[in-house]
Amino acid sequence: MIKGYDKKSVGIEKPFTQLFLLGIMILLVIFLSIKSPYFLTWNNLRNILDHTSTQLIMAIGMTFVISSGGIDLSVGSIVALTGICIGLMLKGGVSVVLSSIIGVLIGGILGAINGVIISKLKIAPFIVTIGSMSLFRGISLVITEGMPIYGFPPQITYFGKGDLGKINPPIILGIFMAILSVFLLKYTKWGQYSLALGGNEEALRRVGVSVNFYKTTIYIFSGLMAGLAGLIYISRLNAAEPNAGFMLESDIIAAVILGGTSMKGGKASIGGTVIACLLLGVVRNGLTLLSISSYYQQLFIGAIIIISVSISEIRQRRQIQI
Amino acid sequence: MEEPKGNIVFASLKNISKSFGKVNALKNVTMEIEKNKITAIVGDNGSGKSTLIKILSGTIRPDSGSIYIEDNLYKYITPKLAYEKGIATVYQDLALDNFRDVTGNIFLGKEITKFGFILDYEKMYRETEFLLKNLNINIPYLKTPVGYLSGGQRQSVAIGRAVYQGKKLIIFDEPTAAMGVKESTAANHLIKSLPDKGFAVLIISHDIYQVFDISDRIFILEHGEVVDDVMKNQVTPQELRERISLGAKNCLRESECID
Amino acid sequence: MKKVISLVLVLTMLISMLIGCTSKDMETRELDSTKDAEEMDLVEENNSEEEGNSKIAEMEEILMDQLEPMPELDGGEKIGVLIISLTNPFWSNMKDKYEKAGEELGIEVEVLSAPTEGDTTSQLETLDGMIVKDYDAIIFSPIDGNNLIPGLLRANQANVPVINLGPGVNQDALKEQGGHVDGIITVDFENQGKMVAEDMLKQMPDGGKVAIIQGIPGAGQSEGRTKGAKEVFENTEGVEIVSIQPGNWDRNTAYNIATDLIQAHPDLKGIFACNDVMALAAVEALETADKKDGIIVYGVDFTEEAQVAIKEGRLDGSITYSPSVYTKAALLLSLKIVQGEEVEGPVYSPLAVVNKENINDFDGWK
């Protein structure tokens, strides 16, 4: 036994980053409620949740990818391509439910392409997904010749806009995915192996786990989440566009890192991802309510990321080196 | 050397040779690893001992010779076969996930689940406590990421994993090389306790005193050849030291050192 | 080594996929275009008596007046066109129209673009590549005011005439560096904003609160349209601008802005979006919130999608000019310059506001 360790707290990290973000968010909420009478209305809060839901769903997929030591830059393009596939199916007379399901699955297939190349050919995820980002976007543009697809059966909009009492399907889906992913991360082998892939891939390989299989499934998961976001996009906007979700990946990655998931892999915080997405949603909403230019949005978000990540890194370095 | 009766051989190597280009790393090496015993390989840098463990753990294939594991003959071993046959290697890097806690590392790849898919943490923590107690390993904080533990504790975790995951032969590569005096005493103590629990142990070391302290049988390797096979109870540490330094040449050029 | 081999394999796979896609695409496009041409003929025949065509003819006349005297048409010139992006429906339509106008005038036209709408450097690289080819003139539409200037200087040196269509190049910066453009043909963006705002106000006799959804801040179209509309709104009594937010030309962003807007300003009366994509997103958002009645939404560009939406009474209006006349005029202007004529001052494309009342006049619009 080594002295100086507190038996209960050694290295067991307190959710400092998450609490820090939560603190900022509470301050922001207080500030906005004072500044705008509309902020604390249910309808406005519902707007924030609705706008955050797509980002959250994709960020959850990305949390697994990043915690496994990877990165998925193709998610924005997958949103566009799945949206277009759904749009084409609807135009071709496929039923709304079937095209939605197939669309989301196509997202999974696109993720599988990333995953197989990354794991089997052992090429860096950054390289593979920066390639597939272009590839998927290119396919979307070629298929549509750059034009939006529109004029769908009205049922498609139910999923994005339908009223379920006080909330709508994207919000429910976002909440459901958040809860499901907390469970997956903590209580399934799949979640634990995602973390172990980022923590020490070699260790996982040596205990006889099929590293390639798990790696591939993580990218499939991320693809499915992006496909789901693509479905919400088309049903909310009632149109599918080849440039939907352009540059979305950088927002998503920023949210995941802001939430305290380490780029080095091995650690993940779904709670942090949820808080970070909500914080970004509140910032965007507040700026619109107060009619402040979006330049400040970029400035504010950038500052929060740098400050919060720096603080948590410094705190960690003060403890024992890992 | 005659074998004491009643000893069971877990694995043996017969006339194993391996060369890398013009360099002969191993020349007709023949040796045995017994159950319930600690076998040691000592030798200087370039003596070929690392090549030997790599052959046993399946990462490289010998050019010629045969390998017997529990009386089955193999030309070479793959990592998968080593895994299935219960050969575990505790490398110096220990292959631990530093972000994962003690239990998480011990159970990595062999997690206990309920209903077939939900991880049963309660049971895993209980089993870990039981296992560590059995092995006389003292790590009171099971939920601490192992990155925060000391070198000795980390090694205990790696050993704990090998033991838990049903291994039969545990190979140690320089187990105490990076440890302080107190820690290496504890580590030696732990390794010494393994044969009584039914394991075969193979240890590779520079440290003659450690080897002498814990092993039952010692193979001395020089330039890829077994030059001596010593039962511990037949020699004193001084004699052992002389046997090793005889004929050992200084190795200054990298090309002369295969390790 | 193994890695290198697999990398090469994947790359070849990807490339072959791409080639496969594009060649297949070209075939279908060729098929499509012949089909289109046939359809177009039919449409033209059908519409020859309708007003849509007469409106185009009217516009064509106004434009061609500015271009008198006409250049010779059998010189076999080859003209390169650099547009902003094929990811934007407006520009992919422009590409089409350029090619059709080229066919009509019997000159060779090649249309190139930057890969994405915001990719300023690769647009410049594309221009550099075009200068070394054998074009007699290059028509260009820059992503922003400055990104193409270095290329334009090289074009000046190589004596390739350059004609600026649409978004303007920063003339001061260009002149400062010793460069020039040989001709300008453009849409007056400020005027677009102005005309739309005026038409909106006609539908809102009592005035009230209005909001503007911009494109990408800093982009010429976005800034010009915003400025024009802002001036009109500000100078009208009883009208108040409550918000100007950048929607970045993006549908989802505009959707979110619109939902937030009606939250913050329940008594909002009008939304002017700097393009139709964003205007349609705003309509979608208002309909979802059950607030469409009583809020006037206008866009810019008059895309096909907008045309349908105006007919259905969902979108209130848009503003347009005829891309086919516009591109044809640009090609004629380039020919004049290639043939050594001086053209003074910019050529402006005439504009037409489309709203619920006159939408039927725009059937067959191109």
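Me: What makes up the secondary structure of chain C?
Reply: This is a predicted model, and in it chain C has twelve helices and twelve strands. A helix is counted from at least four residues and a strand from at least two.

Me: How many residues does chain C have, and what share of them is buried?
Reply: Chain C has 366 residues, and 49% of them are buried. The cut-off for that word is 20 or more other C-beta atoms within 10 Å.

Me: What share of the contacts in chain C with a separation of 6 or more joins residues 24 or more positions apart?
Reply: The share is 74%.

Me: Why is B:Ser12 called partly exposed?
Reply: Buried needs 20 or more neighbours and exposed needs 12 or fewer. B:Ser12 has 15 C-beta neighbours inside 10 Å, so the label is partly exposed.

Me: Where is B:Ser12, and which residues does B:Ser12 touch?
Reply: B:Ser12 belongs to strand β1 of chain B, residues 9-20. Leaving aside residues up to four places away in sequence, B:Ser12 touches B:Met31, B:Glu32, B:Ile33 and B:Tyr68. B:Tyr68 is 56 residues from B:Ser12 along the chain, with 5.1 Å between their C-alpha atoms.

Me: Which residues touch the most other members of the largest nonpolar core?
Reply: They are C:Ala258 and C:Ala282, in a core of 196 residues. Helix α9 of chain A (residues 211-237) gives this core its largest share, 15 residues. Apart from this core there is another, of 49 residues, including C:Leu63 and C:Ile337.

Me: Which residues does C:Ala282 touch?
Reply: Not counting residues up to four places away in sequence, C:Ala282 touches C:Ile213, C:Ala254, C:Ala258, C:Ile271, C:Ala273 and C:Val297. The test for each contact is C-beta atoms within 7 Å.

Me: How many residues of chain A are in contact with chain C, and which element gives the largest share?
Reply: 36 residues of chain A are in contact with 32 residues of chain C. On the chain A side, the elements that give two or more residues are α2 (42-67), α5 (125-144), α9 and α11 (270-289). The largest share, five residues, comes from α5(A). By class, that side has 17 nonpolar, 14 polar and five charged residues.

Me: What are the domains of chain B, and what separates their centres?
Reply: The domain assignment gives domain 1 (1-86 + 168-259) and domain 2 (98-167). Their centres, taken over C-alpha atoms, are separated by 27 Å. Twelve residues of domain 1 are in contact with twelve residues of domain 2. On the domain 1 side, β9 (169-173) and α6 (181-193) of chain B give two or more residues each, and α6(B) gives the most, with five residues.

Me: How do you know which part of chain A should not be read in detail?
Reply: The mean pLDDT of chain A is 87, and 92% of its residues reach 70 or more. Over residues 1-9 of chain A, however, the pLDDT is below 50. Where pLDDT is low, the predicted coordinates should not be read in detail.

Terms used:
Residues numbered from 1 in each chain as written. Chains lettered and ligands numbered in written order. Predicted model: local features only at pLDDT ≥ 70, side-chain atom pairs only at ≥ 80, totals over all residues. Contact = placed C-beta atoms within 7 Å. pLDDT = per-residue confidence, 0-100. Core = buried A, V, L, I, M, F, W, Y, C linked by C-beta atoms within 7 Å. Nonpolar A, V, L, I, M, F, W, Y, C, P; charged D, E, K, R; others polar. Domains from an automatic or database assignment.
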